[in-house]
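Could you look through this one with me?

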Amino acid sequence: MLRMDYSTLNGYVEVNNNATFISHDSNITSMNYDPAIRVKANSHAHVENSDITGPSSGYEAIWLWNNGSIMLQGTSSITAPSGTSAISLTTAFSAVINYDVQNNSVDQTAIYMDKNSVVELNDNVAITRSDGNDEIFVDPTSALRINGSDITISSVSYGVITSYVQYDENISIKLDDHCNGFVDLKQTVDNLLLYNSLLTEARPTIIFSTDTVPIHMKYQNPNQMCRNHSNSQLAEALGCNTIFAIISTSNLAI
């Protein structure tokens with residue numbers, strides 16, 4: 001086990017192969033291309049009341065790989081200069097970020113999640129990115145959980161519909177269209193069934209396609225004008241000869 005208390009390190013720390021790293025009230029600043037903290041291969045890190053600064057030329061301030069875990073809490077801060085991500089998790093890694101942690105990046109993702117990774121954010125955590133783009137990326141196999149109050153985060157981007165986020169209703173967050181796709185698909189199908197039940201003409205034929213092409217719904221009603229619609233709401237489309245709605249492969253589980 002490696003432990004730092006009330007210390008300053010200009011360089012980096014790496015723990016590997018079931019090792020543990022603990023930092024209390026310390027500062028770690030990367031001086032080259034290496035992340036300030038690297039945790040690998042079933043290892044664990046606990047960072048509390050510590051400031052972590054990534055390299056000015058590199059990839060991330062904290063790099064986490066292969067079945068390990070990290071706890072960030074207290075008044076800790078993770079700072080990523082321009083061109084650098086703050087935290088990158090990959091290959092079944094988990095992170096819990098608690099209580100007053102500040103995670104800041106300039107123009108890269110503040111948290112990047114890949115290959116079955118999981119991140120949990122709890123109470124009074126701020127995840128920010130200066131250029132206004134998405135702070136967090138969740139790949140198709142990973143999951144994000146946001147709990148508690150006073151959590152600062154603007155938007156999250158996702159890989160495909162299997163990317164998942166869970167958050168309390170009182171938290172305001174922008175999710176892209178790929179997030180929680182199975183929920184979105186259910187809503188889309190419910191909408192289609194609702195419109196179908198309101199139609200007085202013959203029951204339509206609905207053809208689902210695995211490509212980004214329209215769903216084609218035909219009705220025998222030659223007395224009304226056919227209209228095309230480019231959204232899944234089918235708003236005001238009742239009575240048309242032909243109705244179109246778009247469901248792409250990113251939003252449809254086959």
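Below are my notes, point by point.

1. First, the ground rules. This is a predicted model, where local features need pLDDT of at least 70, side-chain atom pairs count only at pLDDT 80 or more, and totals for chains, interfaces and linings use all residues. Residues are numbered from 1 along each chain as its sequence is written, and side-chain values use heavy atoms, with hydrogens and water left out.

2. Let's start with the salt bridges (a side-chain nitrogen of Lys or Arg within 4 Å of a carboxyl oxygen of Asp or Glu). The structure has six of them. As background, side chains of opposite charge can pair when their charged atoms come close.

3. One of these links Glu 14 and Arg 38, with 2.7 Å between the closest N and O atoms. Glu 14 sits in strand 3 (residues 13-15) and Arg 38 in strand 6, so the pair ties together parts 24 residues apart in sequence. Strands here are DSSP runs (E, at least two residues), numbered from the N terminus. Glu 14 is partly exposed at 32% relative accessible area, while Arg 38 is buried at 16%; buried means under 20%, exposed over 50%, and partly exposed in between (1.4 Å probe, protein chains only).

4. Another salt bridge joins Asp 131 and Arg 129 (2.7 Å, N to O). Asp 131 is partly exposed, at 35%, and Arg 129 is buried, at 14%. Back with Glu 14 and Arg 38: salt bridges with shared partners put them in one network with Asp 34 and Lys 40.

5. Next, have a look at Ser 30, in the loop between strand 5 (27-29) and strand 6 (37-40). Ser 30 is buried, with a relative accessible area of 6%. A polar atom of its side chain lies 2.4 Å from the backbone oxygen of Asp 34. Leaving aside neighbours within four places in sequence, the contacts of Ser 30 (heavy atoms within 4.5 Å) include Gly 11, Thr 53 and Pro 55.

6. What does Glu 48 touch, not counting residues up to four places away in sequence? The residues are Ser 23, His 24, Asp 25, Gln 73, Gly 74 and Ser 76.

7. Finally, Tyr 158 is in strand 20 (residues 155-158) and is buried, at 4% relative accessible area. Tyr 158 and Asp 139 are 19 residues apart in sequence, with 5.7 Å from C-alpha to C-alpha.

Key. Helix = DSSP H or I, 4+ residues; strand = E, 2+ residues; numbered from the N terminus. Polar contact = N/O pair within 3.5 Å; in protein donor to acceptor, adjacent residues only side chain to side chain.
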